Amino acid sequence: MKCPICNDVLYPFDYSNDYLICKNCDVLISIKSEEKYSQNYYFFTKSHKSRHKKILNILKNLKLLKGKILDFGCGTGDFMEIVKNKFSMVEIWGYDISKYAIKLAKDKKLKVFENLNQLIEQSEKFDLILMLDVIEHLENIHSILEIIYNLLKKEGKVFLTTPNKNSKYSLFGKENWHGYAIPQYHRIIFSIKGLVKLMELHNFKILTIYTTPPIVNNFYEKMRLLLASFGRAEKTKLKKLLKIIGNFGLFIKTYFNNYLEDDTIIGVFYK
Ligand SMILES: [Zn+2]
């Protein structure tokens with residue numbers, strides 16, 4: 001197995017057996033097989049209202065909420081719905097790999113693409129493409145970034161969020177950091193260095209890249225992901241639940257120690 005960004009050799013990673021590290025790019029690559037996104041995976045997205053508010057504020061401050069926007073990996077369309085209701089001059093479209101999630105978004109009368117081909121074949125281009133906690137999930141990362149690039153207008157922008165491999169919480173929490181918890185879904189865990197390298201490989205230019213506190217409440221996120229794992233062995237579930245309860249103390253500690261302040265990478269790139 002080689003690094004998908006630089007093609008260099010990968011090495012074992014100290015804090016998780018589920019990942020290998022590229023020392024060149026400073027990214028982690030999952031060695032677990034990818035799992036399909038079940039209905040349960042989307043079950044708790046409603047509880048992410050505080051996350052949506054944070055993202056909306058960042059987008060407003062960066063003056064990115066205008067023109068035609070695509071929410072790539074829109075899930076059930078909760079964020080799209082907020083944008084649609086609050087910013088009538090914005091035209092927002094969505095795409096998600098889950099047919100179940102897309103159906104729910106459609107039921108909310110949101111504009112969605114039902115599959116990747118439909119998205120590629122439509123002729124209009126976008127001013128902004130959102131990838132909110134999406135890039136770490138992509139198995140076929142190069143082909144998707146090529147598609148994203150082609151879907152953008154000239155000087156169109158990509159706004160993305162992703163867990164920060166080198167966050168204080170990941171260094172303090174070590175193997176307990178939430179970023180390592182779901183290798184079947186988190187295919188690549190990025191550092192700023194690795195993310196910039198990947199985006200530059202695809203001809204994107206950097207507008208800004210920085211870190212912020214998590215946009216998802218870690219505890220609820222863990223509970224959501226636990227529920228998403230239903231259908232797997234009971235024993236594993238129980239073990240996971242006990243681990244989460246045990247980690248809650250760690251979570252409180254990290255919260256009060258400001259270990260969470262750089263947990264998420266926010267990047268804005270343009271064509
Ligand atoms: Zn590499």
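**Note on the predicted model**

1. Strand E2 (residues 19–22) and strand E3 (residues 27–30) run antiparallel and are joined by 4 bridges. Within this pairing, Ile 21 has Leu 28 of E3 as its bridge partner. The coordinates come from a predicted model.

2. The pair belongs to an open sheet of 4 strands, ordered E1-E2-E3-E9, with antiparallel pairing. Strand E1 (11–12) and strand E9 (188–189) each have a single partner strand and stand at the edges, so one side of each lacks a neighbour in the sheet.

3. Helix H1 (residues 49–61) and helix H2 (residues 78–86) have axes that come within 10 Å and cross at roughly 50°. The crossing of H1 past H2 is right-handed. On the H1 side, the contact is made by His 52, Ile 55 and Leu 56; on the H2 side, by Asp 78, Phe 79 and Ile 82. These residues comprise 4 nonpolar, 1 polar and 1 charged.

4. Glu 136 lies in the loop between strand E7 (126–132) and helix H5 (141–151). Is Glu 136 buried or exposed? Glu 136 counts as buried, because 25 C-beta neighbours lie inside 10 Å, against a threshold of 20 or more.

5. Leaving aside residues up to four places away in sequence, Glu 136 touches Thr 162, Pro 163, His 186, Arg 187, Ile 188, Ile 189 and Phe 190. A separation of 10.0 Å is found between the C-alpha atoms of Glu 136 and Leu 195, which are 59 residues apart along the chain.

Key
Residues numbered from 1 in each chain as written. Predicted model: local features only at pLDDT ≥ 70, side-chain atom pairs only at ≥ 80, totals over all residues. Pairing = 2+ DSSP bridges. Helix = DSSP H or I, 4+ residues; strand = E, 2+ residues; numbered from the N terminus. Axes fitted to C-alpha atoms, helices over the stretch in contact; angles between N-to-C directions. Left-handed = near helix turned anticlockwise from the far one by under 90°. Contact = placed C-beta atoms within 7 Å. Nonpolar A, V, L, I, M, F, W, Y, C, P; charged D, E, K, R; others polar. Buried ≥ 20, exposed ≤ 12 C-beta atoms within 10 Å, placed from the backbone.
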